[in-house]
Amino acid sequence: MQRPAGPAEQVERVLALTAALPSLLERERAFKRAPKRRVAYEALEAIGGSAPVRHLVAQLGCLPLP
């Protein structure tokens, strides 16, 4: 099968939650040494569980660009 001519397809990385941490105690334990990850987790949780990495970097400034 031949690929049509034109620009290459864009691939966008998406970050999605795979596990819930419903209690504050669980979050404290999970993110004790990673406060920036907690910010990202809570932001993802607030917007429905997934978002493009580009969006999180722009909004939070706490994730490295891949």
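## Overall build

Helices (H or I, at least four residues) and strands (E, at least two) are DSSP runs, numbered from the N terminus. The chain has three helices and two strands. Along the sequence they follow the pattern β-α-α-β-α.

This is a predicted model, in which local features need pLDDT of at least 70 and side-chain atom pairs count only at pLDDT 80 or more, while totals for chains, interfaces and linings use all residues. Residues are numbered from 1 along each chain as its sequence is written, and side-chain values use heavy atoms, with hydrogens and water left out.

## Surface and contacts

Buried means under 20% relative accessible area, exposed means over 50%, and partly exposed lies in between (1.4 Å probe, protein chains only). Of the 66 residues of the chain, 21% count as buried. The chain exposes about 5,600 Å² (Shrake-Rupley method, 1.4 Å probe). Carbon and sulfur atoms supply 56% of that area.

A contact means heavy atoms within 4.5 Å. Take the contacts in the chain with a separation of 6 or more: residues 24 or more positions apart account for 44% of them.

## The aromatic pair

Rings of Phe, Tyr and Trp (its six-membered ring) pair if their centres lie within 6.5 Å; planes under 30 degrees apart count as stacked, over 60 as edge-to-face and the rest as tilted. The count by this rule is one aromatic pair. The ring centres of phenylalanine 31 and tyrosine 41 are 5.5 Å apart and the planes stand at 45 degrees, so the pair is tilted.

The pair links distant parts of the chain, ten residues apart. Phenylalanine 31 sits in the loop between helix 1 (24-30) and helix 2 (35-46), and tyrosine 41 sits in helix 2. Both phenylalanine 31 and tyrosine 41 are buried.

## The largest pocket

On a 1 Å grid over the protein atoms alone, a pocket is an open set of points where a 1.4 Å probe fits, with protein on both sides within 12 Å along at least five of seven lines; lining residues have an atom within 4 Å of a point. Grid points are joined across faces, edges and corners, and a volume is the space filled by probe spheres set on the points. The largest pocket holds about 230 Å³. Twelve residues line it, and the closest to its centre are Leu17, Phe31, Arg37, Tyr41 and Leu44.

Helix 2 gives the largest share of the lining, four residues. Strand 1 (14-16) and helix 2 each supply at least two. The lining divides into ten nonpolar residues (Ala, Val, Leu, Ile, Met, Phe, Trp, Tyr, Cys and Pro count as such), one charged (Asp, Glu, Lys and Arg) and one polar (the others, Gly among them).

## Leucine 17

Leucine 17 lies in the loop between strand 1 and helix 1. Leucine 17 is partly exposed, at a relative accessible area of 30%. Leaving out residues up to four places away in sequence, leucine 17 touches Tyr41, Leu44, Glu45 and Gly49. Leucine 17 and tyrosine 41 are 24 residues apart in sequence, yet 7.5 Å apart in space, C-alpha to C-alpha.
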